[in-house]
Amino acid sequence: MIKRIVGETRIWLKFVQFARNPYDTPKVFELVDLMVHYRGDDYFRTMRETVYSPDFLGQFEAKLLPKFPTMDELSRKADGTLGRVFHDHMVRNGLDLNFFPMLDTNDPIKYIIYRAYLSHDVAHVMLDFDTSLPGELGLQAYTVAQTASPISFMIMAAGMLFTATKEPWTLIHA
């Protein structure tokens with residue numbers, strides 16, 4: 001009981017820190033770590049159906065992770081291809097392919113989260129959401145609709161609180 005109270009308190013404090021500045025991306029990773037550590041079963045129950053599906057279990061057991069081409073390889077892709085558009089997105093936004101923290105892929109929940117990290121910027125390109133706060137909130141809304149991800153829901157909530165109180169004008173052109 002005490003562990004649960006301490007855990008929920010730490011999660012909410014981290015959520016508030018993130019909501020005060022949703023541009024501080026490392027706070028997302030800290031929030032995810034706390035959610036997994038203290039309340040993994042509760043927060044990620046929406047992922048259980050995925051975790052126990054035969055397709056997922058095969059990928060998890062094989063430790064199947066996407067292998068990205070290097071930025072140099074992507075730069076040589078033809079204009080208009082996903083690879084080239086992805087490269088241009090990464091360069092334009094000053095993003096690094098190795099930005100996301102490595103998670104323990106021996107844990108099924110962390111494996112799913114890590115796979116989501118790895119595909120995050122590709123999703124920005126495929127869904128045509130830029131990396132502005134409204135663009136990020138749009139991507140998170142899409143993720144919530146597709147996966148019921150509690151992480152994405154909390155990112156949306158924090159971003160919306162911040163936007164409503166600190167930068168409401170950013171939604172005018174979103």
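Analyst: On a 1 Å grid over the protein atoms alone, a pocket is an open set of points with protein on both sides within 12 Å along at least five of seven lines, whereas a cavity is a set where a 1.4 Å probe fits but cannot get out; lining residues have an atom within 4 Å of a point. A volume is the space filled by probe spheres set on the points, which are joined across faces, edges and corners. The model is predicted, with local features requiring pLDDT of at least 70 and side-chain atom pairs pLDDT 80 or more, while totals for chains, interfaces and linings use all residues. Residues are numbered from 1 along each chain as its sequence is written, and side-chain values use heavy atoms, without hydrogens or water.

User: What volume does the largest pocket have, and which residues lie nearest its centre?

Analyst: The volume of the largest pocket is about 1,300 Å³. Its lining comprises 46 residues, with A116, Y117, H120, L139 and Q140 nearest the centre. Helices α2 (26-43), α4 (54-62), α7, α8 (133-147) and α9 (150-166) each contribute at least two lining residues, and α7 gives the most, with 13.

User: What makes residues of that lining nonpolar, polar or charged?

Analyst: Ala, Val, Leu, Ile, Met, Phe, Trp, Tyr, Cys and Pro count as nonpolar, Asp, Glu, Lys and Arg as charged, and the others, Gly among them, as polar. On that scheme the lining of the largest pocket divides into 25 nonpolar, 17 polar and 4 charged residues.

User: What caps the N-terminal end of α7?

Analyst: The cap is D107, which has a side-chain oxygen 3.0 Å from the backbone nitrogen of I109. Just after α7, D128 takes a positive phi of about 60°.

User: Which residues line the largest cavity, and how much space lies in it?

Analyst: About 80 Å³ of space lies in the largest cavity, and the structure holds 1 cavity of 30 Å³ or more. The lining consists of F68, F86, M90, D96, L97, F100, Y117, L118, D121 and V122, with the largest share, 4 residues, coming from α7. By class these are 8 nonpolar, no polar and 2 charged residues.

User: Why is S149 called buried, and why does Y142 count as partly exposed?

Analyst: Buried means under 20% relative accessible area, exposed over 50%, and partly exposed in between (1.4 Å probe, protein chains only). S149 has a relative accessible area of 8%, and is therefore buried, whereas Y142, at 37%, counts as partly exposed. S149 lies in the loop between α8 and α9, and a polar atom of its side chain is 3.3 Å from the backbone nitrogen of I151. Y142 belongs to helix α8, and its C-alpha atom is 25 Å from that of P54, 88 residues away along the chain.

Note on methods
Polar contact = N/O pair within 3.5 Å; in protein donor to acceptor, adjacent residues only side chain to side chain.
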